[in-house]
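Me: I've got a structure open and would like to talk through its rings and strands. Can we take it step by step?

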Amino acid sequence: MDVNDTSRQIALEALQASREGPGVIVATVISAPADASPAPGMKLLVRRDGSTLGSYGGAAFEQTVVKDCLAAVNEFPRRPVQALYYQPEGTRIHRVEARGGAEAYEVMVEIIEAPVTLLIIGGGHIGLSLATIGEHVGFSVVVMDDRETYANPERFPMADKTMAGNFTELLADFPIGANTYIVLVSRGHKQDELALRAVVPRGARYVGMIGSRRRVSTVLRHLAEEGFDIDALERIYTPIGFDIGAETPEEIAVSIMAELIAVRRGGSGRPMHEQRPPIRDAVPSVQE
């Protein structure tokens, strides 16, 4: 495959990633040492599993850029576009913090992902808090309720869209796929069950339903008895959210959003301090 064919393939895969499916990282050489390879304009696409499309020659430079691209995806706070700088020394490549001279590389790294939709079914207090947090952390927020007074732009100015009406009818035409996160927090289990019937078989990345263990067990049992796929029902996040002792609607929204982010980003949900190395191991023992 020649350079032009590779560039087209990278453009097509990046376009696909911007619409649906897993995200990718595209690294573009902006500047390079004279007569060096890769030359300015060369692109390398890096997938989440570390596989690549295109080539920087396969040597140390390419390996370093791939590693840094994968690190950029997990960086916090994440930067969708950033410039990385590298200084070659013989066969070695060193990452540097600032733009180098004529013998340095500058690489632009772009994280390309499809827009992620948070569909909130239920415009009550929890739904309002979820919409506020969801918009703040980068979701495209849609709020749906069967009561117009609970799903309107005035109540949800942060939402990209509000929808009021019959859940079954609204959800039948709503686009749902691998980049859709659905939270059911309506006013009662009957409404949640109606909505759940419409979304379970449609491949959403996340479906979560609020409720007590007894309530959610009843709803899931009804759907199982009607012939809904058991594996799909098992994948529903219910009761919803992380156990943080939440009591208020705002606290419950935080617990739900924490779970959503963990699913989206691949987090473990464990407290961060558990990943800290023991202090005792880092302190030399005192000799008597």
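Me: Which residues form one aromatic cluster?
Reply: Keeping in mind that this is a predicted model, the aromatic cluster is made up of Y56, F61, Y86 and Y105.

Me: And how many aromatic pairs turn up in the whole structure?
Reply: Searching the whole structure gives 6 aromatic pairs. One of them joins F139 and Y181 in an edge-to-face arrangement, with 5.6 Å from centre to centre and 70° between the planes.

Me: What does the pair of F139 and Y181 tie together?
Reply: F139 is in the loop between α3 (125–136) and β8 (140–145), while Y181 belongs to strand β10 (residues 180–184), so the pair links parts that lie 42 residues apart in sequence.

Me: Is F139 buried or exposed?
Reply: F139 is buried, because its relative accessible area is 4%, and buried means under 20%. Y181 is buried too, with a relative accessible area of 4%.

Me: Which charged end sits over the ring of F139?
Reply: That is the charged end of R264, which is 5.1 Å from the centre of the F139 ring. Elsewhere, R147 lies over the face of Y150, at 3.8 Å from the ring centre.

Me: Switching to strands, how many residues of β6 are buried?
Reply: Strand β6 (residues 105–112) is mostly covered, with 6 of its 8 residues buried.

Me: OK, and which strand pairs with β6 over 7 bridges?
Reply: Strand β1 (residues 24–31) does, in the antiparallel sense, and within this pairing V29 has V107 of β6 as its bridge partner. Strand β4 (residues 81–89) also runs antiparallel to β6, joined by 6 bridges, and V81 stands opposite E110 in β6.

How values were computed: Residues numbered from 1 in each chain as written. Predicted model: local features only at pLDDT ≥ 70, side-chain atom pairs only at ≥ 80, totals over all residues. Heavy atoms only, no water. Phe/Tyr/Trp six-rings, centres within 6.5 Å; stacked < 30°, edge-to-face > 60°. Helix = DSSP H or I, 4+ residues; strand = E, 2+ residues; numbered from the N terminus. Buried < 20%, exposed > 50% of the residue type's maximum accessible area, 1.4 Å probe, protein only. Lys NZ or Arg CZ within 6 Å of the ring centre and 35° of its normal. Pairing = 2+ DSSP bridges.
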